[in-house]
Amino acid sequence: MPITLGLVGEDGLDLAFEVEGHSAREIKGHDGYSRVLELRESEQVFVLSGVASKPVPSVARYFSAPVKLNIDYSLEELAFLSRHDSDGFNRWEAGQRLAIHLIDTLERGHKGPVVMRRAPC
């Protein structure tokens, strides 16, 4: 199953990267940095190289796979992706996940403040 991966750097821009040991096609999209990974096993490891700074992954860009993903993003990472992901759907999805988490927290009667550090712009 093909799945498209992009990496968003600390400055909010897409990062260039290579995938070691696998042929990963470059997407000729507007960002120029996404790669299509071929998932063939129930569990696989992909080693990424050439990453200039600590990234936040943007997975399944451009509706590349008909799957539901359960990625354990922090609240800060969701807020960051909702502001910076170059893929419009993934940006929207991050915002939706963040909103649902905050609504669930408030609905459960959370007594203290919802703590979220501001991610770099």
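The axes of helix 1 and helix 2 come within 7 Å and cross at roughly 140°. Because of that angle, helix 1 counts as oblique to helix 2. The crossing in which helix 1 passes helix 2 is left-handed. Keep in mind as you look at it that this is a predicted model.

Why quote both an angle and a distance? Two packed helices are described by the angle between their axes and by the distance between those axes.

## Who touches whom

Let's look at the residues themselves. Helix 1 brings Leu 75, Leu 78, Ala 79, Leu 81, Ser 82 and Arg 83 to the contact. From helix 2 come Arg 91, Ala 94, Gly 95, Arg 97, Leu 98 and His 101.

## The largest pocket

The largest pocket has a volume of about 370 Å³. It is lined by 19 residues, and the closest to its centre are Val 59, Leu 69, Phe 89, Asn 90 and Glu 93.

Which elements give two or more residues to this lining? They are strand 6 (56-59), helix 1 (75-84) and helix 2 (88-107). Helix 2 provides the largest share, with 5 residues.

Conventions. Residues numbered from 1 in each chain as written. Predicted model: local features only at pLDDT ≥ 70, side-chain atom pairs only at ≥ 80, totals over all residues. Heavy atoms only, no water. 1 Å grid on protein atoms, 1.4 Å probe; cavity = no way out; pocket = protein on both sides within 12 Å on 5 of 7 lines; lining within 4 Å. Points joined across faces, edges and corners; volume = space filled by probe spheres on them. Helix = DSSP H or I, 4+ residues; strand = E, 2+ residues; numbered from the N terminus. Axes fitted to C-alpha atoms, helices over the stretch in contact; angles between N-to-C directions. Parallel < 35°, antiparallel > 145°, perpendicular 65-115°, else oblique. Left-handed = near helix turned anticlockwise from the far one by under 90°. Contact = heavy atoms within 4.5 Å.
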